[in-house]
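Please read it alongside the model.

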Amino acid sequence: MSDLPARRLLLVHAHPDDESINNGATMAKYAAEGALVTLVTCTLGEEGEVIPPHLAHLAADKDDVLGPYRSGELAAAMAELGVTDHRLLGAPGRYRDSGMMGAPQNDRPDAFWQADLDTAAGDLVAVVREVRPQVLVTYDPDGGYGHPDHIQAHRVAMRAADLAADPAFRPELGAAHAIEKVYWNCNPRSVVEEGFERLRAAGLSFPGVAEVDDVPGVVPDDQVTASIAAAPEHGAAKAAAMRAHVTQIAVDGPFFALSNDLGQPLLGDEHYRLVRGTPGARDGAREDDLFAGVRTQDGPETAADTRETAR
Ligand SMILES: [Zn+2]
(Lines give C-alpha, C1' and ligand atoms only; values in the text may rest on other atoms or scores of the structure.)
Protein backbone atom coordinates (compact mmCIF):
# COMPACT_ATOMS: atom_id res chain seq x y z
CA MET A 1 0.00 0.00 0.00
CA SER A 2 0.98 3.61 -0.16
CA ASP A 3 2.96 5.46 2.49
CA LEU A 4 0.34 8.18 2.66
CA PRO A 5 -1.58 8.76 5.89
CA ALA A 6 -5.08 7.25 5.89
CA ARG A 7 -6.88 10.58 5.77
CA ARG A 8 -5.87 13.29 3.33
CA LEU A 9 -7.30 16.79 3.11
CA LEU A 10 -6.51 19.24 0.28
CA LEU A 11 -7.29 22.93 0.56
CA VAL A 12 -7.05 25.33 -2.37
CA HIS A 13 -6.74 29.03 -1.62
CA ALA A 14 -6.08 32.22 -3.56
CA HIS A 15 -3.61 34.12 -1.34
CA PRO A 16 -1.51 33.53 1.76
CA ASP A 17 -3.80 34.34 4.76
CA ASP A 18 -7.04 32.97 3.25
CA GLU A 19 -6.26 29.50 4.60
CA SER A 20 -5.78 30.71 8.17
CA ILE A 21 -8.89 32.93 8.17
CA ASN A 22 -11.15 30.31 6.59
CA ASN A 23 -9.78 26.97 7.71
CA GLY A 24 -7.07 27.48 10.33
CA ALA A 25 -8.79 25.51 13.09
CA THR A 26 -9.78 22.71 10.72
CA MET A 27 -6.23 22.43 9.39
CA ALA A 28 -4.76 22.40 12.92
CA LYS A 29 -7.23 19.71 14.01
CA TYR A 30 -6.59 17.32 11.17
CA ALA A 31 -2.84 17.87 11.20
CA ALA A 32 -2.80 17.11 14.95
CA GLU A 33 -4.79 13.94 14.31
CA GLY A 34 -2.20 12.66 11.84
CA ALA A 35 -4.08 13.35 8.62
CA LEU A 36 -2.14 14.69 5.67
CA VAL A 37 -3.16 18.32 5.27
CA THR A 38 -2.03 19.80 1.95
CA LEU A 39 -2.45 23.48 1.23
CA VAL A 40 -2.15 24.79 -2.32
CA THR A 41 -1.99 28.58 -2.54
CA CYS A 42 -2.54 29.91 -6.05
CA THR A 43 -0.74 33.28 -5.78
CA LEU A 44 1.55 35.03 -3.33
CA GLY A 45 -0.85 37.92 -2.81
CA GLU A 46 1.57 40.34 -4.44
CA GLU A 47 -1.12 43.02 -4.82
CA GLY A 48 -2.24 43.03 -1.20
CA GLU A 49 -2.31 46.20 0.86
CA VAL A 50 0.18 46.34 3.71
CA ILE A 51 -1.02 47.17 7.22
CA PRO A 52 2.12 47.97 9.28
CA PRO A 53 3.59 51.33 8.17
CA HIS A 54 7.17 50.09 8.56
CA LEU A 55 6.49 47.40 5.92
CA ALA A 56 4.61 49.66 3.49
CA HIS A 57 7.61 49.71 1.16
CA LEU A 58 6.99 46.04 0.26
CA ALA A 59 3.79 46.86 -1.65
CA ALA A 60 3.33 46.37 -5.39
CA ASP A 61 3.24 50.13 -6.06
CA LYS A 62 6.58 50.59 -4.22
CA ASP A 63 9.29 47.90 -4.07
CA ASP A 64 6.92 45.16 -5.30
CA VAL A 65 8.46 42.50 -3.07
CA LEU A 66 5.36 41.62 -1.08
CA GLY A 67 5.11 38.15 -2.65
CA PRO A 68 8.32 36.71 -1.20
CA TYR A 69 7.57 38.39 2.12
CA ARG A 70 4.13 36.80 2.28
CA SER A 71 5.69 33.47 1.41
CA GLY A 72 7.55 33.77 4.71
CA GLU A 73 4.37 34.74 6.54
CA LEU A 74 2.64 31.70 5.09
CA ALA A 75 5.42 29.40 6.27
CA ALA A 76 5.18 30.89 9.77
CA ALA A 77 1.40 30.43 9.76
CA MET A 78 1.74 26.80 8.68
CA ALA A 79 4.19 26.20 11.53
CA GLU A 80 1.52 27.48 13.94
CA LEU A 81 -1.04 25.09 12.44
CA GLY A 82 1.31 22.12 12.34
CA VAL A 83 0.89 21.85 8.57
CA THR A 84 4.04 20.74 6.76
CA ASP A 85 2.75 20.28 3.21
CA HIS A 86 2.12 23.70 1.72
CA ARG A 87 2.76 24.50 -1.90
CA LEU A 88 2.25 27.20 -4.46
CA LEU A 89 0.24 26.34 -7.55
CA GLY A 90 2.67 25.46 -10.33
CA ALA A 91 5.76 27.17 -8.96
CA PRO A 92 6.52 30.29 -6.92
CA GLY A 93 5.50 33.30 -9.00
CA ARG A 94 3.80 31.23 -11.71
CA TYR A 95 0.48 32.96 -11.09
CA ARG A 96 0.41 36.52 -9.83
CA ASP A 97 -2.22 38.11 -7.61
CA SER A 98 -4.79 39.76 -9.94
CA GLY A 99 -5.80 42.61 -7.61
CA MET A 100 -9.39 43.54 -6.88
CA MET A 101 -12.06 43.09 -9.57
CA GLY A 102 -11.71 45.74 -12.28
CA ALA A 103 -8.17 46.75 -11.33
CA PRO A 104 -5.69 47.11 -14.21
CA GLN A 105 -3.64 44.29 -12.64
CA ASN A 106 -6.43 41.91 -13.75
CA ASP A 107 -5.06 42.27 -17.27
CA ARG A 108 -1.41 41.45 -16.65
CA PRO A 109 -0.48 38.35 -18.65
CA ASP A 110 0.88 36.68 -15.49
CA ALA A 111 -2.25 37.46 -13.44
CA PHE A 112 -3.99 34.36 -12.10
CA TRP A 113 -7.22 35.79 -13.52
CA GLN A 114 -5.72 35.43 -17.02
CA ALA A 115 -4.52 31.86 -16.52
CA ASP A 116 -5.74 29.20 -18.91
CA LEU A 117 -8.14 27.10 -16.83
CA ASP A 118 -6.91 23.66 -17.89
CA THR A 119 -3.26 24.66 -17.61
CA ALA A 120 -3.73 25.88 -14.06
CA ALA A 121 -5.98 22.92 -13.24
CA GLY A 122 -3.26 20.65 -14.62
CA ASP A 123 -0.83 22.10 -12.10
CA LEU A 124 -3.31 21.14 -9.39
CA VAL A 125 -4.02 17.70 -10.89
CA ALA A 126 -0.34 16.87 -10.34
CA VAL A 127 -0.82 17.54 -6.60
CA VAL A 128 -4.15 15.69 -6.42
CA ARG A 129 -2.67 12.59 -8.03
CA GLU A 130 0.32 12.71 -5.72
CA VAL A 131 -1.41 13.19 -2.35
CA ARG A 132 -4.72 11.53 -3.35
CA PRO A 133 -7.02 13.48 -1.04
CA GLN A 134 -10.43 12.13 -0.10
CA VAL A 135 -11.59 15.63 0.78
CA LEU A 136 -11.18 18.93 -1.08
CA VAL A 137 -12.02 22.32 0.41
CA THR A 138 -12.25 25.48 -1.67
CA TYR A 139 -14.48 28.53 -2.23
CA ASP A 140 -17.96 28.81 -3.67
CA PRO A 141 -18.32 30.00 -7.31
CA ASP A 142 -18.23 33.65 -6.18
CA GLY A 143 -15.00 32.97 -4.35
CA GLY A 144 -16.76 33.96 -1.13
CA TYR A 145 -16.70 37.65 -1.98
CA GLY A 146 -16.01 38.19 -5.65
CA HIS A 147 -12.22 38.63 -5.71
CA PRO A 148 -10.95 37.46 -9.12
CA ASP A 149 -8.30 35.19 -7.60
CA HIS A 150 -10.84 33.56 -5.31
CA ILE A 151 -13.22 32.97 -8.21
CA GLN A 152 -10.36 31.54 -10.26
CA ALA A 153 -9.20 29.34 -7.35
CA HIS A 154 -12.71 27.91 -7.19
CA ARG A 155 -12.74 27.23 -10.93
CA VAL A 156 -9.29 25.65 -10.91
CA ALA A 157 -10.08 23.46 -7.89
CA MET A 158 -13.36 22.18 -9.32
CA ARG A 159 -11.85 21.60 -12.75
CA ALA A 160 -8.86 19.80 -11.25
CA ALA A 161 -11.18 17.52 -9.28
CA ASP A 162 -12.78 16.47 -12.56
CA LEU A 163 -9.56 16.16 -14.55
CA ALA A 164 -7.66 14.27 -11.84
CA ALA A 165 -10.28 11.52 -12.00
CA ASP A 166 -10.03 11.21 -15.78
CA PRO A 167 -7.36 8.64 -16.75
CA ALA A 168 -7.18 10.18 -20.22
CA PHE A 169 -6.09 13.59 -18.89
CA ARG A 170 -2.29 13.92 -18.87
CA PRO A 171 -1.45 10.42 -17.63
CA GLU A 172 2.14 11.56 -17.07
CA LEU A 173 0.87 13.42 -13.98
CA GLY A 174 0.10 10.16 -12.18
CA ALA A 175 -2.67 7.62 -11.77
CA ALA A 176 -6.20 8.98 -11.91
CA HIS A 177 -7.72 9.86 -8.56
CA ALA A 178 -11.34 10.66 -7.69
CA ILE A 179 -11.87 12.95 -4.69
CA GLU A 180 -14.78 11.61 -2.62
CA LYS A 181 -16.04 14.81 -1.03
CA VAL A 182 -15.83 18.46 -2.07
CA TYR A 183 -16.71 21.27 0.32
CA TRP A 184 -17.08 24.99 -0.14
CA ASN A 185 -16.21 27.33 2.70
CA CYS A 186 -19.12 29.23 4.20
CA ASN A 187 -20.21 31.10 7.32
CA PRO A 188 -23.71 30.74 8.77
CA ARG A 189 -25.37 34.13 9.00
CA SER A 190 -26.48 33.66 12.62
CA VAL A 191 -22.91 32.94 13.74
CA VAL A 192 -21.53 35.99 11.93
CA GLU A 193 -24.29 38.25 13.29
CA GLU A 194 -23.64 37.00 16.82
CA GLY A 195 -19.93 37.68 16.36
CA PHE A 196 -20.60 41.27 15.33
CA GLU A 197 -22.85 41.74 18.37
CA ARG A 198 -19.97 40.64 20.59
CA LEU A 199 -17.61 42.97 18.78
CA ARG A 200 -19.89 46.01 19.13
CA ALA A 201 -20.44 45.20 22.82
CA ALA A 202 -16.69 44.94 23.37
CA GLY A 203 -16.02 48.39 21.84
CA LEU A 204 -12.63 47.70 20.32
CA SER A 205 -9.68 49.60 19.06
CA PHE A 206 -10.35 49.25 15.33
CA PRO A 207 -11.26 52.50 13.55
CA GLY A 208 -14.52 50.98 12.33
CA VAL A 209 -16.63 47.86 12.27
CA ALA A 210 -17.25 45.75 9.18
CA GLU A 211 -20.70 44.60 8.09
CA VAL A 212 -22.00 41.05 8.11
CA ASP A 213 -21.87 41.07 4.32
CA ASP A 214 -18.19 42.01 4.33
CA VAL A 215 -17.49 38.51 5.64
CA PRO A 216 -16.86 36.04 2.79
CA GLY A 217 -19.27 33.20 2.18
CA VAL A 218 -22.12 34.20 4.50
CA VAL A 219 -25.05 31.87 3.82
CA PRO A 220 -28.41 31.12 5.46
CA ASP A 221 -27.81 28.69 8.33
CA ASP A 222 -29.72 25.88 6.64
CA GLN A 223 -27.19 25.75 3.79
CA VAL A 224 -24.38 24.73 6.13
CA THR A 225 -23.82 20.96 6.04
CA ALA A 226 -20.69 20.55 8.19
CA SER A 227 -19.30 22.42 11.17
CA ILE A 228 -15.92 21.88 12.75
CA ALA A 229 -16.04 23.11 16.34
CA ALA A 230 -12.62 24.48 17.26
CA ALA A 231 -11.03 22.85 20.29
CA PRO A 232 -9.29 25.56 22.38
CA GLU A 233 -5.81 24.58 21.14
CA HIS A 234 -6.93 24.64 17.52
CA GLY A 235 -8.68 27.98 17.93
CA ALA A 236 -5.48 29.32 19.48
CA ALA A 237 -3.42 27.91 16.61
CA LYS A 238 -5.74 29.61 14.14
CA ALA A 239 -5.37 32.98 15.89
CA ALA A 240 -1.58 32.54 15.95
CA ALA A 241 -1.56 31.63 12.25
CA MET A 242 -3.60 34.72 11.43
CA ARG A 243 -1.18 36.85 13.46
CA ALA A 244 1.68 35.40 11.40
CA HIS A 245 0.22 37.17 8.36
CA VAL A 246 1.57 40.42 9.74
CA THR A 247 1.24 42.48 6.57
CA GLN A 248 -2.41 41.49 6.08
CA ILE A 249 -4.17 40.94 9.40
CA ALA A 250 -4.33 42.87 12.68
CA VAL A 251 -5.57 40.56 15.42
CA ASP A 252 -6.97 41.99 18.66
CA GLY A 253 -8.15 39.24 21.02
CA PRO A 254 -11.20 37.50 19.51
CA PHE A 255 -11.44 40.09 16.72
CA PHE A 256 -9.37 41.09 13.72
CA ALA A 257 -9.15 43.59 10.89
CA LEU A 258 -7.82 43.45 7.35
CA SER A 259 -6.21 46.42 5.60
CA ASN A 260 -9.56 48.26 5.55
CA ASP A 261 -9.19 48.67 9.36
CA LEU A 262 -12.74 47.42 9.93
CA GLY A 263 -13.07 45.06 12.89
CA GLN A 264 -14.72 41.69 12.48
CA PRO A 265 -15.10 38.65 14.73
CA LEU A 266 -12.38 35.99 14.62
CA LEU A 267 -14.53 32.89 14.28
CA GLY A 268 -12.95 29.75 15.75
CA ASP A 269 -15.58 27.30 14.53
CA GLU A 270 -15.49 26.69 10.78
CA HIS A 271 -18.31 25.79 8.45
CA TYR A 272 -18.73 24.06 5.13
CA ARG A 273 -21.17 23.08 2.43
CA LEU A 274 -20.80 19.61 0.95
CA VAL A 275 -21.27 20.02 -2.80
CA ARG A 276 -20.01 16.67 -4.07
CA GLY A 277 -20.09 13.31 -2.35
CA THR A 278 -22.26 11.52 0.15
CA PRO A 279 -22.99 13.17 3.51
CA GLY A 280 -21.66 11.22 6.45
CA ALA A 281 -24.42 12.46 8.78
CA ARG A 282 -28.07 11.39 8.92
CA ASP A 283 -30.70 13.33 7.03
CA GLY A 284 -30.39 16.99 7.63
CA ALA A 285 -27.90 16.74 10.50
CA ARG A 286 -24.65 18.64 10.12
CA GLU A 287 -21.47 16.62 9.83
CA ASP A 288 -18.84 17.30 12.48
CA ASP A 289 -16.05 15.60 10.53
CA LEU A 290 -15.12 16.31 6.91
CA PHE A 291 -14.06 12.67 6.51
CA ALA A 292 -17.42 11.30 7.76
CA GLY A 293 -18.48 8.44 5.52
CA VAL A 294 -15.28 8.43 3.48
CA ARG A 295 -14.77 4.93 2.08
CA THR A 296 -11.15 4.93 1.04
CA GLN A 297 -9.16 5.40 4.23
CA ASP A 298 -6.55 2.92 3.14
CA GLY A 299 -3.30 4.19 4.65
CA PRO A 300 -1.28 3.22 7.73
CA GLU A 301 -3.61 5.21 10.04
CA THR A 302 -6.45 2.80 9.25
CA ALA A 303 -4.19 -0.26 9.38
CA ALA A 304 -3.19 0.68 12.94
CA ASP A 305 -6.85 1.12 13.89
CA THR A 306 -7.72 -2.29 12.47
CA ARG A 307 -4.98 -4.02 14.46
CA GLU A 308 -6.23 -2.29 17.58
CA THR A 309 -9.77 -3.56 17.02
CA ALA A 310 -8.72 -7.11 16.18
CA ARG A 311 -6.68 -7.58 19.32
ZN1 LIG B 1 -7.61 36.18 -0.67
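## α1 against α6

Axes are lines fitted to C-alpha atoms, for helices over the stretch in contact; angles run from 0 to 180 degrees between N-to-C directions. α1 passes α6 in a right-handed crossing, meaning that the near helix is turned clockwise from the far one by less than a right angle.

From α1, the contact (heavy atoms within 4.5 Å) takes in Ser-20, Ile-21, Asn-22, Gly-24, Ala-25, Ala-28, Lys-29 and Ala-32. From α6 come His-234, Ala-237, Lys-238, Ala-241 and Met-242. By class there are 7 nonpolar, 4 polar and 2 charged residues. Nonpolar covers Ala, Val, Leu, Ile, Met, Phe, Trp, Tyr, Cys and Pro; charged covers Asp, Glu, Lys and Arg; the others, Gly among them, are polar.

## Basis of the model

This is a predicted model, with residues numbered from 1 along each chain as its sequence is written. Local features need pLDDT of at least 70, side-chain atom pairs count only at pLDDT 80 or more, totals for chains, interfaces and linings use all residues, and side-chain values use heavy atoms, without hydrogens and water. Helices (H or I, at least four residues) and strands (E, at least two) are DSSP runs, numbered from the N terminus.

## α2 against α6

Helix α2 spans residues 66–81. Its axis and that of α6 come within 8 Å and cross at roughly 170°. That makes α2 roughly antiparallel to α6. Glu-73, Ala-76, Ala-77, Glu-80 and Leu-81 of α2 meet Ala-237, Lys-238, Ala-240, Ala-241 and Ala-244 of α6. The contact holds 7 nonpolar, no polar and 3 charged residues.

## α3 against α4

Helix α3 (residues 117–131) packs on helix α4 (residues 148–164) at about 60°, with axes 8 Å apart. The two are therefore oblique. Their crossing is right-handed. α3 contributes Leu-117, Asp-118, Ala-120, Ala-121, Leu-124, Val-125, Val-128 and Arg-129. α4 contributes Arg-155, Val-156, Ala-157, Arg-159, Ala-160, Leu-163 and Ala-164.

## Pocket and cavity

The search uses a 1 Å grid over the protein atoms alone. A pocket is an open set of points with protein on both sides within 12 Å along at least five of seven lines. In a cavity, a 1.4 Å probe fits but cannot get out. Lining residues have an atom within 4 Å of a point. Points are joined across faces, edges and corners, and a volume is the space filled by probe spheres set on them.

The largest pocket has a volume of about 1100 Å³. Its lining has 49 residues; Asp-17, Asp-18, Met-100, Tyr-145 and Leu-258 lie nearest the centre. α1 (18–32), β5 (181–188), α6 (232–244), β11 (262–265) and β12 (270–276) each supply at least two lining residues. The lining divides into 18 nonpolar, 17 polar and 14 charged. The whole structure has 1 cavity of 30 Å³ or more. Residues lining the largest cavity include Cys-42, Leu-88 and Tyr-95. That lining has 7 nonpolar, 2 polar and 1 charged residues.

## Val-218

Val-218 sits in strand β7 (residues 218–219). Beyond neighbours within four places in sequence, Val-218 contacts Asn-187, Arg-189, Val-192 and Val-212. Gly-235 is 17 residues from Val-218 in sequence and 20 Å away in space, C-alpha to C-alpha.

Notes. Parallel < 35°, antiparallel > 145°, perpendicular 65-115°, else oblique.
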